[in-house]
Amino acid sequence: MNKAYDTLSIFLCRRVKKIMKDIIITIFILTQSLVISANDNLNMKSLYKKYLTFNKNNIPIVKIGISETKKNIKIKILENIKINKINIPKNEEIEIRHTIINKGDYSLWLIFDKYPYNIKPNLALYQKYINKLSNLKNKKLEVAHIGNLSVINGNIIDIRRQLIIFGPFKNKIEAQRIKQKLYIDLRLKTEFYAKIKTYPSAEITVRYKNKIISKNNNILRLDANSLELVNLDWGFIKKKKITLRARGELIFTINLNQKLTIVNKIDIETLLKGIIPAEIFASAPKEALKAQAVAARSDILAKIGTRHFLDPFDICGNQHCQVYKGKTIENKKTNKAIKNTKGMVLIDKEGIIDAYYSANSGGYTENNENVWLARSRISLRGRDDFIDWNNSGIFMIGITNSNLKKFIDSPPKTYSQESSYSREGVFRWKKTYNIDKLNNFIKKYLKKYKINKKCLLKDLKPKGRGVSGRLMALRVICKNSKGNFTVYGELQIRRFLGSLKSAMFYMNKTYNNKKQLNKIEFIGGGWGHGVGMCQTGAIGMAEYKKSFKEILTHYYTNSKLKKLY
């Protein structure tokens with residue numbers, strides 16, 4: 001009897017404790033504020049500044065752009081919350097709106113190239129591009145210094161860069177015209193750079209049940225863990241609607257295009273949890289996932305301070321930088337890969353490398369300068385994906401005009417093909433267009449880039465290939481020879497031809513009875529630009545029992561691993 005009574009007493013005590021704990025938690029939730037206090041002096045200048053900062057555990061903090069929009073933003077509340085003494089129950093919605101106060105003032109430049117801090121740029125190398133342009137009064141070349149130097153646990157993290165910039169331009173229309181001409185005519189890909197004189201300003205308001213419950217000057221800071229972004233305009237070029245949850249801090253502010261911008265301020269290790277499963281199959285072998293984690297971490301740190309100068313963040317969460325979808329897609333396997341490689345990056349003699357990667361190399365990767373027409377990087381050399389290099393025959397010397405067809409039709413065994421994740425129509429693929437479709441591509445291209453020519457297609461001719469056989473230039477021969485033009489760059493060639501999977505291809509041409517071009521079959525290999533790590537090949541190497549270190553040093557030549565923290 002006493003034993004039963006004691007057991008009942010223990011049960012009741014535990015039950016009461018649990019109830020009291022739940023009450024305390026409920027009271028805390030009902031009284032906590034969703035708005036984060038600005039105790040770290042965050043302002044517009046620090047948002048736009050491309051510097052690396054760290055949290056209390058010495059882990060780099062990254063500002064990643066999630067969305068920009070002129071519309072209102074809806075947010076679902078995931079916990080009972082209080083904003084300015086207004087209780088907002090779980091599952092209710094609030095709305096973020098903005099009103100422009102000042103557009104900001106800045107001069108616009110174009111970035112020609114980037115250099116490490118310790119290499120002196122030769123401006124004369126870029127003068128040849130300027131000499132081929134006309135009507136460029138009051139324009140000049142300059143070197144802009146960006147980024148900062150940090151020391152963490154005795155390790156140096158150097159994201160300082162020297163940017164070769166050209167300008168200033170009167171407005172974005174003039175800058176866009178020159179940007180386009182440099183790319184189409186001279187093969188130089190540039191990005192915008194802004195010298196900001198005054199920052200944009202706006203009133204950011206929070207509305208609940210159509211009533212304003214919070215007004216904020218320029219910056220609204222919310223705890224991301226309690227929110228869900230609903231029907232969000234995700235993307236910066238091609239937008240689509242998604243629902244997204246994140247960790248860390250969400251910042252709602254304004255960019256230099258006067259758009260309401262959502263920035264996720266988060267440490268890099270947590271950020272990677274929302275990137276890795278968006279960039280590679282989470283079910284892939286653990287060594288491939290670890291390789292992806294190191295590559296993604298390196299790429300983020302290398303890119304801070306080299307792009308998005310019109311925006312209050314370091315990198316974007318789209319394909320332009322790296323795809324980020326928050327905690328919505330987090331996975332235990334990828335989280336473990338991130339944890340097991342914490343703080344590890346790839347470096348070469350210039351510092352942390354731009355660790356580019358693509359879905360499938362087609363059996364051979366490409367030199368970075370052949371794809372983006374930029375300064376070459378020793379860690380981004382094109383190389384084979386062969387399982388048995390010694391028995392790869394004529395392909396040991398690389399892929400050339402003379403052996404490309406054979407390489408595509410009868411390749412040696414490669415990791416990117418043997419991988420269990422290699423899909424039909426990716427490692428090797430075919431696409432056929434008739435003459436009407438090809439002429440339509442030409443018409444769209446000339447219209448898009450405002451090229452004052454008329455062209456009915458007579459022929460297409462390759463004009464130079466990289467070490468992987470990827471086309472660097474494609475000559476368009478028109479029936480009227482005055483209309484002839486050249487499409488430069490791997491990505492531009494793919495887009496011109498209806499978004500082919502890669503520029504590693506040869507052509508089979510069919511003619512009618514008048515010996516006129518009737519259709520072209522494009523037979524190619526791989527998916528993506530082909531620079532850096534082949535993700536399918538990395539999985540294949542892992543399936544062949546290669547370690548993540550072996551995978552990384554295979555694809556990123558002359559590089560080595562370094563643990564920063």
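1. A salt bridge is a side-chain nitrogen of Lys or Arg within 4 Å of a carboxyl oxygen of Asp or Glu. In this predicted model, E369 and R381 form such a pair, with the closest N and O atoms 2.6 Å apart. E369 belongs to helix α9 (residues 368–372) and R381 to the loop between α9 and α10 (404–409), so the bridge ties together parts that are twelve residues apart in sequence. R381 is partly exposed, its relative accessible area being 22%.

2. How many salt bridges does the structure hold? There are 25 salt bridges in the structure. One of them joins the side chains of K139 and E174, at 3.2 Å from N to O. K139 is placed in the loop between α3 and β8, and E174 in helix α4 (residues 172–186), so this contact ties together parts that are 35 residues apart in sequence. Buried means under 20% relative accessible area. K139 is therefore buried, at 16%, and E174 also counts as buried, at 10% relative accessibility.

3. A further salt bridge brings together the side chains of E228 and R245 (2.8 Å, N to O). Because E228 lies in strand β16 (residues 227–234) and R245 in the loop between β17 (240–244) and β18 (249–254), the pair ties together parts that are 17 residues apart in sequence. Are these two residues buried or partly exposed? E228 counts as buried, at 12% relative accessibility, whereas R245 counts as partly exposed, at 31%.

4. Salt bridges also occur as a network, which links K114, D348, E350, D354, R375 and R377. As a general point, side chains of opposite charge can pair when their charged atoms come close.

5. Helix α3 (residues 124–131) has buried residues at Y126, Y129 and I130. Why do these residues lie on the same side of α3? They cover an arc of only 100° around the axis, and this puts them on one side of the helix. The exposed residues A124 and N131 are carried on the face of α3 turned away from its buried side.

6. In the first, K189, K238, K448 and R495 gather as a patch of positive charge. K448, one of these residues, is found in helix α12 (residues 435–448). At 53% relative accessibility, K448 counts as exposed.

7. Strand β8 (residues 140–146) contains I146. I146 is buried, with a relative accessible area of 10%.

8. Most residues other than glycine have a negative phi, and most peptide bonds are trans. G167 and P168 are joined by a cis peptide bond, with omega about 0°; P168 lies in strand β11 (residues 161–169).

9. N91 is not a glycine, yet it has a positive phi of about 75°. Its place is in the loop between β5 (86–88) and β6 (93–102), and N91 is partly exposed, with a relative accessible area of 47%. N231, likewise not a glycine, has a positive phi of about 50°. N231 has its place in strand β16 and counts as partly exposed, at 49% relative accessibility.

Technical notes: Residues are numbered from 1 along each chain as its sequence is written. This is a predicted model: local features need pLDDT of at least 70, side-chain atom pairs count only at pLDDT 80 or more; totals for chains, interfaces and linings use all residues. Side-chain values use heavy atoms; hydrogens and water are left out. Patches are made of residues with over 30% relative accessible area and no salt bridge: like charges are joined within 9 Å, nonpolar side chains (Val, Leu, Ile, Met, Phe, Trp, Tyr) within 5 Å. Accessible areas come from the Shrake-Rupley method with a 1.4 Å probe; for residues, only the protein chains shown count as cover. Lys and Arg count as positive and Asp and Glu as negative; His and the chain ends are not counted. The place of a charge is taken as NZ of Lys, CZ of Arg, CG of Asp or CD of Glu. Helices (H or I, at least four residues) and strands (E, at least two) are DSSP runs, numbered from the N terminus. Buried means under 20% relative accessible area, exposed over 50%, partly exposed in between (1.4 Å probe, protein chains only). The arc is that of the directions from the helix axis to the C-beta atoms.
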